[in-house]
Amino acid sequence: MPRWFNTAGPCTPANHYMLPAMKRLPEVQRLIDQQGYFVVHAPRQTGKTTALLSLAQELNAGGKHVAALVSMEVGAAFSHDVGTAESAILQSWLSAARAQLPPEHQPPPVSEAPTGSRIATALAAWSEAVAKPLVVFLDEVDALQNGLLISVLRQLRDGYRNRPGHFPASLALIGLRDVRDYKVATGDSDRPGTASPFNIKVRSLTLRDFTEDEVAELYAQHTAETGQRFEPEALALAFELTQGQPWLVNALAKVVVEELVPDTSQPVRRADVERAKGLLIQRQETHLDSLAVRLREPRIRAVLEPMLAGGLLGDVAEDDRRFAVDLGLLRRNPEGTLEVANPIYREILIRTLASGTRDTLPTIQPSWLKPDGRIDTERLRDAFLAFWRQHGEPLLATAPYHEVAPHLVLMAFLHRVVNGGGTIEREYAIGRGRMDLCVRHGPDTLAIEIKVWRDREPDPLAEGLTQLDGYLEGLGQPSGWLVLFDRRSGQPPIAQRTRTEEARTPSGRPVTVIRA
């Protein structure tokens with residue numbers, strides 16, 4: 001039976017298409033050779049566990065070390081009871097070691113030790129019981145919090161000086177975040193961001209996403225085993241949509257080859273990848289859903305809300321920015337600016353934020369459709385104006401991000417327009433001062449630019465027309481909409497101030513201006 005694209009749990013070479021695990025962490029072998037203690041951090045489902053499990057297997061096969069990956073996660077349920085947490089963690093280690101190592105390399109039975117020292121005692125006993133240097137990878141360390149986390153880190157630091165004969169020769173902490181950002185109660189003098197309690201690490205490594213060549217290499221394994229090839233345009237789109245995020249790369253291919261094009265005699269085309277993207281977004285499976293849940297967190301909102309509005313971040317705490325990057329929601333582009341990590345996440349974020357508004361929309365009759373099913377943009381404009389005048393005020397209150405509430409209401413309306421027969425593409429970024437929408441419905445394309453008029457700012461009409469001109473040129477469209485949401489204080493009610501006017505871009509393209 002051929003291997004498959006894996007989207008759940010660690011990869012295994014016998015079952016899954018996978019890239020050499022350590023290709024993305026070339027420095028690790030040197031750190032182990034130098035008996036280093038280090039950190040490996042990256043967003044969820046980027047391959048951390050797979051990579052370190054694979055390295056442990058390689059080290060064991062090399063015959064110079066005893067290596068294992070064990071998890072700290074079970075201890076998270078007992079954060080306020082250090083002794084119980086330690087017992088749960090150590091039992092988990094015994095099970096993991098039995099699965100990974102021969103009997104002579106497994107840790108000895110857990111011995112009694114005072115609470116707050118059991119982790120260090122177990123690691124010391126394991127190191128002394130094996131005849132080779134012990135290498136331990138501690139997965140999910142940042143699932144622990146507060147006193148329990150501090151206790152574990154202190155035990156590791158205390159035992160560090162006894163390596164390699166009486167403590168692991170090399171050890172890695174694996175998690176979402178660097179050790180300086182581990183979650184510790186506010187005001188704790190041992191917050192990891194200070195020099196204590198884990199100042200023994202020599203490096204912090206980030207597991208990067210796949211490159212475009214690596215995505216092609218992964219997909220080529222499927223071609224080699226089944227004969228089904230990915231056309232170059234399909235490969236290019238897969239990387240463009242995912243930016244190499246490992247779970248997305250695998251999930252996109254899995255939907256394509258198992259559901260959309262199961263006949264391996266047929267190639268995978270660009271349109272197939274586009275359809276797979278739509279299915280992933282629609283289903284919002286666990287990985288995507290876990291990201292969406294984060295949007296209500298104040299730290300994430302502080303970063304995303306001005307980004308969606310096209311504004312500047314201002315005085316957003318560095319920890320909040322770093323947290324959004326560590327989660328994998330955002331990344332830094334080559335210029336160093338923060339942006340949403342990939343187009344699929346960009347769509348998920350907006351859909352999630354607009355979902356409550358979308359679910360509360362009243363019934364809207366599709367008066368904008370011509371008899372042949374195509375869109376009449378004038379009727380669509382009139383339908384939106386009538387909808388906005390009647391429902392704009394109450395619907396703004398349903399949007400979770402106040403700064404972009406009108407954007408979310410407009411997009412909720414447009415989702416009704418394209419429901420089942422089209423798509424909405426969105427572009428937004430820090431400092432752009434606008435959000436661009438591209439509504440596609442069959443052969444029809446409508447480009448929309450959103451600007452917001454705020455207190456102490458000039459009328460954004462002229463700037464919006466210039467920006468829309470460039471957007472229309474990029475899309476190859478002769479005309480479009482410019483929607484100006486007036487958010488200044490002291491304005492008349494929405495029903496009174498909403499109107500349209502006609503204008504032209506600097507290059508002469510006709511534009512429908514909607515002032516709302």
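The entries run from the whole chain down to single residues.

**Ground rules.** I am working with a predicted model, in which local features need pLDDT of at least 70 and side-chain atom pairs count only at pLDDT 80 or more, while totals for chains, interfaces and linings use all residues. Residues are numbered from 1 along each chain as its sequence is written, and side-chain values use heavy atoms, with hydrogens and water left out.

**Whole chain.** I found 17 helices and 13 strands in the chain; helices (H or I, at least four residues) and strands (E, at least two) are DSSP runs, numbered from the N terminus. The C-alpha trace spans about 80 × 60 × 40 Å along its principal axes. Of the 516 residues, 52% are buried. Buried means under 20% relative accessible area, exposed over 50%, and partly exposed in between, with a 1.4 Å probe and protein chains only. I also looked up contacts (heavy atoms within 4.5 Å). Among those with a separation of 6 or more, 69% join residues 24 or more positions apart.

**Cores.** I took a nonpolar core as a set of buried Ala, Val, Leu, Ile, Met, Phe, Trp, Tyr and Cys residues joined through side-chain atoms within 4.5 Å. The largest one has 98 residues, and Y219, L252, L330, F413, L414, L437 and I448 touch the most other members. A second, separate core has 37 residues, including V66, I89, W126 and L171. I then listed what Y219 touches beyond its neighbours within four places in sequence: F5, F230, L235, A238, V249, L252 and A253.

**α14 and α15.** How do the axes of α14 and α15 cross? Helix α14 (residues 377-396) and helix α15 (residues 405-418) have axes that come within 11 Å and cross at roughly 130°. The axes are lines fitted to C-alpha atoms, for helices over the stretch in contact, and angles run from 0 to 180 degrees between N-to-C directions. I therefore record α14 as oblique to α15; under 35 degrees is roughly parallel, over 145 roughly antiparallel, 65 to 115 roughly perpendicular, and the rest oblique. On the α14 side I noted L380, A383, F384, F387, W388, L395 and L396, which meet A405, P406, V409, L410, F413 and V417 of α15.

**L313.** Is L313 buried or exposed? L313 is buried because its relative accessible area is 18%. It sits in the loop between α11 (298-308) and α12. L313 and L338 are 25 residues apart in sequence and 9.7 Å apart C-alpha to C-alpha.

**V325.** This residue lies in helix α12 (residues 318-326). V325 is partly exposed, because its relative accessibility is 26%. Leaving out neighbours within four places, I found V325 in contact with P43, L330 and L338.

**Backbone.** Most residues other than glycine have a negative phi, and most peptide bonds are trans. I noted Q45, with phi near 55°, in the loop between β1 (37-41) and α2 (48-62). Q243 also has phi near 55° and is found in the loop between α7 (232-242) and α8 (246-260). The peptide bond joining R163 and P164 is cis, with omega about 0°. P164 is in the loop between α5 (146-160) and β4 (170-175).
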